[in-house]
Amino acid sequence: MTRRAIKITESRSGLSATALLQPEKAPDNAGFLWAYLEEPRVVAGIHAMWTGPEISCPIPPAHLENQAYARPLPAENATLTPQPGDIVLSYVPARMWGGNPNAIFDIGLFYGQGARLLFPIGWLAGSVVAQVLPEQREQFAAACGIIRRNGACDVTFARAEA
């Protein structure tokens, strides 16, 4: 039996991981990500400032304009303390963060212990929407560490099956 998954890659760091979607735990959030990845997407990634061991990949507003999937998302399979290998979709409503007129949808790649979803606007629960395959987590963490040292990068997300 195959399951829906996402493939996450970044060439400079050697990042190449498959994460199983969790539609049974986060149906709306997994549905958003699956719809968003109808075609492979390249999203700017940068090591997070406040959340600890995370590569933050905010979805560009241009990818969201006039898209049916770009609607408010509930917190599902919510966490404030993501674990290594968690792929967390965070949704911030329009105008909540510094008056930004656009809603923010962020794909967080969590790779180490001690992560927390504490931002300048306060605690914000994110939805664990997928998890990196256990056998790939060590390589995933090593590649995310390289991204941390190298700075901003382009992360590619695509649909996959596992």
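The legends below walk you through several close-up views of one predicted model.

Residues are numbered from 1 along each chain as its sequence is written, and side-chain values rest on heavy atoms, with hydrogens and water left out. Since this is a predicted model, local features need pLDDT of at least 70 and side-chain atom pairs count only at pLDDT 80 or more, while totals for chains, interfaces and linings use all residues.

**View 1. The largest pocket has a volume of about 360 Å³.**
A pocket here is an open set of points on a 1 Å grid over the protein atoms alone, where a 1.4 Å probe fits and protein lies on both sides within 12 Å along at least five of seven lines. The volume is the space filled by probe spheres set on the points, which are joined across faces, edges and corners. Which residues lie nearest the centre of this pocket? They are Trp50, Ser56, Trp97, Asp106 and Phe119, out of 20 residues that line the pocket; a lining residue has an atom within 4 Å of a point. The elements giving two or more residues to the lining are β3 (41-47), β4 (54-58), β6 (86-92) and β7 (104-110). Strands are DSSP runs of E with at least two residues, helices are runs of H or I with at least four, and both are numbered from the N terminus. The largest share of the lining, four residues, comes from β7. By type, the lining divides into 13 nonpolar, five polar and two charged residues. Ala, Val, Leu, Ile, Met, Phe, Trp, Tyr, Cys and Pro count as nonpolar, Asp, Glu, Lys and Arg as charged, and the others, Gly among them, as polar.

**View 2. Here are Cys57 and Cys153, with sulfurs 6.7 Å apart.**
How many disulfides does the whole structure hold? A search finds zero, a disulfide being a pair of cysteine sulfur atoms within 2.5 Å. For Cys57, the closest cysteine sulfur is the one in Cys153, and it is too far away for a bond. The closest cysteine sulfur to Cys153 is, in turn, that of Cys57. Cys57 is buried, at 0% relative accessibility, and Cys153 is also buried, at 6%. Buried means under 20% relative accessible area, exposed means over 50%, and partly exposed is in between (1.4 Å probe, protein chains only).

**View 3. Two salt bridges are found in the structure.**
A salt bridge is a side-chain nitrogen of Lys or Arg within 4 Å of a carboxyl oxygen of Asp or Glu. In one of them, Glu24 pairs with Arg3, and the closest N and O atoms are 3.9 Å apart. This pair links distant parts of the chain, 21 residues apart: Glu24 is in the loop between β2 (15-21) and α1 (27-36), and Arg3 is in the segment before β1 (4-10). Glu24 is exposed, at 54% relative accessibility, while Arg3 is partly exposed, at 31%. Glu10 and Arg12 also form a salt bridge, with their closest N and O atoms 3.8 Å apart. Is Glu10 buried or exposed? At 5% relative accessibility, Glu10 is buried.

**View 4. Look for Asn66 and Asn77 in the loop between β4 and β5.**
Most residues other than glycine have a negative phi. Asn66, however, has a positive phi, near 60°, and Asn77 has a positive phi near 50°. Asn66 is exposed, with a relative accessible area of 82%, whereas Asn77 is partly exposed, at 29%.

**View 5. Ala78 sits in strand β5 (residues 78-79).**
Which residues does Ala78 touch, leaving aside those up to four places away in sequence? They are Ala125, Gly126 and Ser127, where contact means heavy atoms within 4.5 Å. Ala78 and Ala125 are 47 residues apart along the chain, and their C-alpha atoms are separated by 5.8 Å. Ala78 is partly exposed, with a relative accessible area of 46%.

**View 6. Thr9 belongs to strand β1.**
Not counting residues up to four places away in sequence, Thr9 touches Leu15, Ser16, Asp154, Val155 and Thr156. Thr9 counts as partly exposed, at 26% relative accessibility.
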